[in-house]
Every structure is written in structure tokens, then in C-alpha cells.
Amino acid sequence: MTNTARMSINEVSPAAYQAVLGLEKYIRANVDGELLHLIKLRASIMNGCSFCVDMHSREGLADGMSSRKLFAVGAWREAPFFDERERAALDLTEEVTRLGDHGVSDEVWNSAVKHFGQEGVANLLMAIATINVWNRLSVSTRTQPPVE
């Protein structure tokens, strides 16, 4: 497989790009920043999006997040760096990202509602859905991380 980018959605379809960016702006204003970095990084790892993994790990570091916590997102269940609230959000992220035949389990849903309430879960769902859109766009178009 070649790593050459296929297209820039922003250049080819700027209105569609702006629509997704509108969702991005909403979630940035309504989801805790550190939690949002964890959600974006976990979904991006699951979806194999190198552009997004690079971007969200770098943004987390720039925002002062612990490198240990960011690096452990790939093995969050075994890592001691995450509190129950973060674990509920990461669990929800995994089940929504892998959305199989049975959807999100009651156990994961109830844990998320316990920690975030109905409105908080709605905002988490929007965050998870949005990063999954970005991942699918970036992977499909072979968007590459910047070379430094």
C-alpha cells in the first residue's frame, strides 16, 4: 500500500468539511479537554488512523497531559493511570467505535450515565461519533501526519 494522500476533503468539499468542523467545535466547548484527548486518541488507535493518533497525542502533550497516561491509552484497562470516570468514557468509546450487532451494552451505558448524566453521555456520544468521522475520512484519504 502506498502512503500517498488521495485527496484533501477540505479542498474538494469544503462545505462538508465545515459541517464536521461544526461538530468538532461543539464538542470542544462541551467535553472536558483532557477527557476529549483520551477519547480521540483511543478511537484513533482502534481505527488505525496515524494522522489522528499523531495529532491527538501531540495535542495532549502540548496541553500538559501526562505522557504516561497518553502512552497507556492503548492498554488503558491494565494501566493504573485512569480514574473510574475516564474508564467509563473509554469503555463507551470502544463500544461505540466497534458498534457491532448488539450495540452498546447496558453495563457500559449505565456506567457512563452514572459518571456523566444523560447530557454528558449525549456529549460523549457526539465526541466519539465525531472522531470516528475524522478517522474514517483520514484513513480513506490516506492523510499523513506532518513530517518534521
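1. Cys49 is a buried residue, with a relative accessible area of 1%, where buried means under 20% relative accessible area, exposed means over 50%, and partly exposed is in between, for a 1.4 Å probe and protein chains only. Cys49 is found in the loop between α3 (33–47) and α4, and helices here are DSSP runs of H or I with at least four residues, while strands are runs of E with at least two, numbered from the N terminus. Along the chain Cys49 and Met65 are 16 residues apart, and their C-alpha atoms are separated by 21 Å.

2. A word on the basis of this note: the model is predicted, local features need pLDDT of at least 70, side-chain atom pairs count only at pLDDT 80 or more, and totals for chains, interfaces and linings use all residues. Residues are numbered from 1 along each chain as its sequence is written, and side-chain values use heavy atoms, with hydrogens and water left out.

3. The loop between α4 and α5 holds Gly64, which counts as exposed at 61% relative accessibility. Gly64 and Glu34 are 30 residues apart along the chain, and their C-alpha atoms are separated by 9.1 Å.

4. The next topic is the largest pocket. Rolling a probe the size of a water molecule over the atoms shows where empty space is left. The largest pocket has a volume of about 370 Å³, and of the 20 residues that line it, Tyr17, Phe51, Met55, Trp134 and Ser138 are the closest to its centre. A pocket is defined on a 1 Å grid over the protein atoms alone, as an open set of points where a 1.4 Å probe fits, with protein on both sides within 12 Å along at least five of seven lines, and lining residues have an atom within 4 Å of a point. The volume is the space filled by probe spheres set on the points, which are joined across faces, edges and corners.

5. Which helices each supply at least two residues of the lining of the largest pocket? They are α1 (9–12), α2, α4 (50–62) and α7 (106–141). By class, this lining has 10 nonpolar, 6 polar and 4 charged residues, with Ala, Val, Leu, Ile, Met, Phe, Trp, Tyr, Cys and Pro counted as nonpolar, Asp, Glu, Lys and Arg as charged, and the others, Gly among them, as polar.

6. Side chains of opposite charge can pair when their charged atoms come close. The structure holds 9 salt bridges, a salt bridge being a side-chain nitrogen of Lys or Arg within 4 Å of a carboxyl oxygen of Asp or Glu. One of them joins Glu24 and Arg28, whose closest N and O atoms are 2.9 Å apart. Both residues lie in helix α2, 4 residues apart, which is about one turn of the helix. Glu24 counts as buried at 3% relative accessibility, whereas Arg28 counts as exposed at 53%.

7. Another salt bridge brings together the side chains of Lys69 and Glu86, at 2.6 Å from N to O. Lys69 lies in helix α5 (residues 67–71) and Glu86 in helix α6 (residues 84–97), so this pair ties together parts that are 17 residues apart in sequence. Both Lys69 and Glu86 are buried.

8. The side chains of Glu94 and Arg98 also meet in a salt bridge, at 3.8 Å from N to O.

9. Leu23, Tyr26 and Met126 make a nonpolar surface patch of about 230 Å². Of these, Tyr26 sits in helix α2 (residues 14–30) and is partly exposed, with a relative accessible area of 36%. Patches are made of residues with over 30% relative accessible area and no salt bridge, with like charges joined within 9 Å and nonpolar side chains (Val, Leu, Ile, Met, Phe, Trp, Tyr) within 5 Å, and accessible areas come from the Shrake-Rupley method with a 1.4 Å probe, where for residues only the protein chains shown count as cover.

10. Most residues other than glycine have a negative phi. Arg142, however, has a positive phi of about 60° although it is not a glycine. Arg142 lies in the segment after α7 and is buried, with a relative accessible area of 17%.
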